[in-house]
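Please walk through this protein one part at a time. Keep the sequence and the 3D view open side by side.

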Amino acid sequence: MENRITGKSVDIDYKNTLDFFNNRGVDKKLEHKYNYVLFQDDNPELAVLRDQQEKDKIIELLSWEKGQTVLDIGCGVGRWGEAVLEKGLNYVGVDYSENLLEIAEENLKAYETKTLLHASFQEFPDALNNHHADQTFDKIFINGVMMYLNDTDLQKGLEDVYAACKDHCELYLKESMGVEKRLTLSDFYSDSLSQNYTAIYRSIAEYEQLIQSNFVEKGFQIVSKGPLFEEKLQNRKETMDYYLILKR
């Protein structure tokens with residue numbers, strides 16, 4: 001298969017993605033913990049700026065009540081766990097990379113109301129059940145993880161997410177999306193990351209259709225959506241970080 005495919009649906013090899021994240025920072029020093037998941041290896045300050053701008057924007061758009069439960073699928077280094085736990089909420093983070101979870105454990109060690117689970121997106125319902133964790137949540141975050149799932153698994157995963165929502169629930173979905181059409185990188189060598197990289201950048205239109213069929217048609221409303229970062233923090237032509245917030 002080609003390393004760079006535009007405009008059509010092809011499956012990716014999950015082993016490539018897992019190897020990528022488990023090897024982050026092993027052969028190349030990363031300047032900041034956020035570089036593990038927000039990348040920008042050649043400009044680490046940009047990752048920090050993006051983290052702050054994202055949190056400033058999204059926190060204002062969500063409601064926050066102490067004691068609420070939050071599920072963070074693809075939690076990485078616990079970047080969103082920081083904000084959630086500081087506000088007194090209960091946090092469950094799930095990630096497929098043991099390397100990232102070790103960093104998250106250290107990053108969030110000061111907080112008690114947290115649970116970190118090792119599982120893929122496809123496995124998160126079983127992981128919750130096996131650890132006797134909450135099965136439904138007040139808030140669910142899916143942040144930069146859908147791009148690592150093939151179409152069939154993503155559809156099943158979104159059905160599982162819907163089942164994990166409480167009657168009154170907020171969803172925060174953020175993804176790197178193709179501006180005009182789908183772009184798939186399959187074990188593609190990135191000079192800036194100094195690693196082979198694998199991901200599916202679905203188009204904005206594709207994601208909006210998935211959200212429509214899996215959530216809006218089942219009672220959720222889209223209350224905010226659009227490019228996540230201001231233009232000066234964007235540095236890609238074919239893709240952009242795009243978000244949606246849904247409430248029921």
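Helix α4, residues 79-86, is mostly covered: 7 of its 8 residues are buried. Buried means under 20% relative accessible area, exposed means over 50%, and partly exposed lies in between, with a 1.4 Å probe and protein chains only. The buried residues of α4 are R79, W80, G81, E82, A83, V84 and L85. After α4 comes G88, whose phi is positive, near 85°.

A word on the source. This is a predicted model, in which local features need pLDDT of at least 70, side-chain atom pairs count only at pLDDT 80 or more, and totals for chains, interfaces and linings use all residues. Residues are numbered from 1 along each chain as its sequence is written, and side-chain values use heavy atoms, with hydrogens and water left out.

Now the whole protein. It has 8 helices and 10 strands. Helices (H or I, at least four residues) and strands (E, at least two) are DSSP runs, numbered from the N terminus. Of the 248 residues, 54% are buried. The protein exposes about 11700 Å², and carbon and sulfur atoms supply 45% of that area. These areas come from the Shrake-Rupley method with a 1.4 Å probe; for residues, only the protein chains shown count as cover. Take the contacts (heavy atoms within 4.5 Å) between residues at least 6 apart in sequence: 69% of them join residues at least 24 apart.

Next, the sheet. Seven strands form an open, mixed sheet in the order β4-β3-β2-β5-β6-β10-β9. Its edge strands, β4 (114-118) and β9 (221-227), each pair on one side only. Two strands pair if DSSP finds at least two bridges between them. Neighbouring strands of this sheet are turned by 15° against each other on average, direction ignored. Strands β2 (residues 69-73) and β5 (residues 137-143) run parallel and are joined by 4 bridges. Axes are lines fitted to C-alpha atoms, for helices over the stretch in contact, and angles run from 0 to 180 degrees between N-to-C directions.

What about the cysteines? A disulfide is a covalent bond between the sulfur atoms of two cysteines. Here the rule is a pair of cysteine sulfur atoms within 2.5 Å, and by it the count comes to 0 disulfides. C165 counts as buried, at 7% relative accessibility. C169 is buried too, with a relative accessible area of 1%.

Finally, turn to N16 in helix α1 (residues 14-22). Which residues does N16 contact, leaving aside its neighbours within four places in sequence? They are D187 and T198. The C-alpha atoms of N16 and Y148 are separated by 9.9 Å, although the two residues lie 132 residues apart along the chain. T198 sits in strand β8 (residues 195-201). T198 is buried, with a relative accessible area of 1%. Not counting residues up to four places away in sequence, T198 touches I12, D13, N16, T17, Y148, L185, S186 and D187. The backbone nitrogen of D187 lies 2.7 Å from a polar atom of the T198 side chain.

Technical notes: Polar contact = N/O pair within 3.5 Å; in protein donor to acceptor, adjacent residues only side chain to side chain.
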